[in-house]
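User: I'd like to understand the labels as well as the values. Could we go through them together, with the cut-offs spelled out?

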Amino acid sequence: VLKEAKGEYFMWAADDDWWAPNFIEVMKNFLDRHQDYDVAMSSYTRFYDDGEFLAETSFAGKNSITDIGYGKVLEMMMKKAPIHKFSYGLFRTGLLKKLASRPFPKCIAWERAYMCEVAAATHFYSHPEVLYKITTYRKSLTERHGANDVAKAYFYRFHYTAYVFTAIG
């Protein structure tokens, strides 16, 4: 899909998640005014697939990462702060195409490894209002999909190491 993208902006969209009708407008308005930012994301909530509330991640006030530098955002990403869901934010297409010159990691939480690269490359805009809702499943990946080749790749013990070394090699 990314290879075919022709517009200035791009976003990944999971079919089981929800975005507010004004999500793109709000994120695009910020990015249009701030050329040194390449990704924008709102605060978000997580719900189980049966509708039960799980958690909220707020980027309001002291939790904003808008004015935090590359190194600190990268450190937060590596320490598993809940900012990897910026992978479902609005991106400048050019940045994504540059970073996608090699395949995404085939592992659990691929977006965290990928978003570490994004964090090292650009500034993140974090919008304080919840404009995104994530569906989280109670059943594991293998319970939902079986032990197929895709599921096996996700559980490969050295998935992050292999991904990093593809960048070096």
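User: Let's start with Ser87: why does it count as buried?

Analyst: Buried means under 20% relative accessible area, exposed means over 50%, and partly exposed is in between (1.4 Å probe, protein chains only). Ser87 has 1% relative accessibility, so it counts as buried. This is a predicted model, in which local features need pLDDT of at least 70 and side-chain atom pairs count only at pLDDT 80 or more, while totals for chains, interfaces and linings use all residues. Residues are numbered from 1 along each chain as its sequence is written, and side-chain values use heavy atoms, with hydrogens and water left out.

User: Where does Ser87 lie, and what is it in contact with?

Analyst: Ser87 is in the loop between H2 and E5; helices (H or I, at least four residues) and strands (E, at least two) are DSSP runs, numbered from the N terminus. Setting aside neighbours within four places in sequence, Ser87 is in contact with Trp12, Glu111 and Met115, where contact means heavy atoms within 4.5 Å.

User: That loop between H2 and E5 also holds Lys80. Is Lys80 buried or exposed?

Analyst: Lys80 has a relative accessible area of 63%, so by the cut-off given above it is exposed. Its phi is positive, about 70 degrees, although Lys80 is not a glycine.

User: How do you know which category Leu96 belongs to?

Analyst: Leu96, found in helix H3, has 0% relative accessibility and therefore counts as buried. Beyond residues up to four places away in sequence, Leu96 touches Leu2, Phe10, Trp12, Phe91 and Tyr114. Leu2 is 94 residues away along the chain, yet the two C-alpha atoms are separated by 7.9 Å.

User: What makes a set of residues a nonpolar core, and which members touch the most others in the largest one?

Analyst: The label goes to buried Ala, Val, Leu, Ile, Met, Phe, Trp, Tyr and Cys residues joined through side-chain atoms within 4.5 Å. The largest such core has 44 residues, and Met27, Ile83, Phe86, Met115, Val118 and Phe124 touch the most other members. Among the elements that give two or more residues to this core are helix H1 (23-33), strand E3 (37-48), helix H4 (110-121) and strand E6 (123-136). H4 supplies the largest share, six residues. As for Phe86, its contacts outside four places in sequence include Val39, Met41, Ile65, Met115 and Phe124.

User: Why are the buried residues of H1 said to be on the same side?

Analyst: The buried residues of H1 are Phe23, Val26, Met27, Phe30 and Leu31. They cover an arc of only 125 degrees around the axis, which puts them on the same side of H1; the arc is that of the directions from the helix axis to the C-beta atoms. On the other side of H1, Glu25 and Arg33 are exposed. The buried residues are covered by parts that include E1, E2, E3, E5 and E6.

User: What makes Phe30 and Tyr125 a stacked pair?

Analyst: Rings of Phe, Tyr and Trp (its six-membered ring) pair if their centres lie within 6.5 Å; planes under 30 degrees apart count as stacked, over 60 as edge-to-face and the rest as tilted. A search of the whole structure finds 10 aromatic pairs. For Phe30 and Tyr125 the centres are 3.7 Å apart and the planes at 10 degrees, so the pair is stacked. Phe30 lies in helix H1 and Tyr125 in strand E6, so the pair ties together parts 95 residues apart in sequence. Phe30 is buried at 8% relative accessible area, and Tyr125 is buried at 12%.

User: How do you know that E3 and E6 pair, and which way do they run?

Analyst: Two strands pair if DSSP finds at least two bridges between them. E3 and E6 are joined by 11 bridges and run parallel, with Phe47 and Thr135 as one of the partner pairs. E3 also has four bridges to strand E4 (residues 53-57), and these two run antiparallel.

User: Last one: what places Arg138 over the ring of Tyr48?

Analyst: A charge sits over a ring if NZ of Lys or CZ of Arg is within 6 Å of the ring centre and within 35 degrees of the ring normal. The charged end of Arg138 sits over the ring of Tyr48, 3.7 Å from its centre. Lys133 likewise lies over the face of Trp18, at 4.8 Å from the ring centre.
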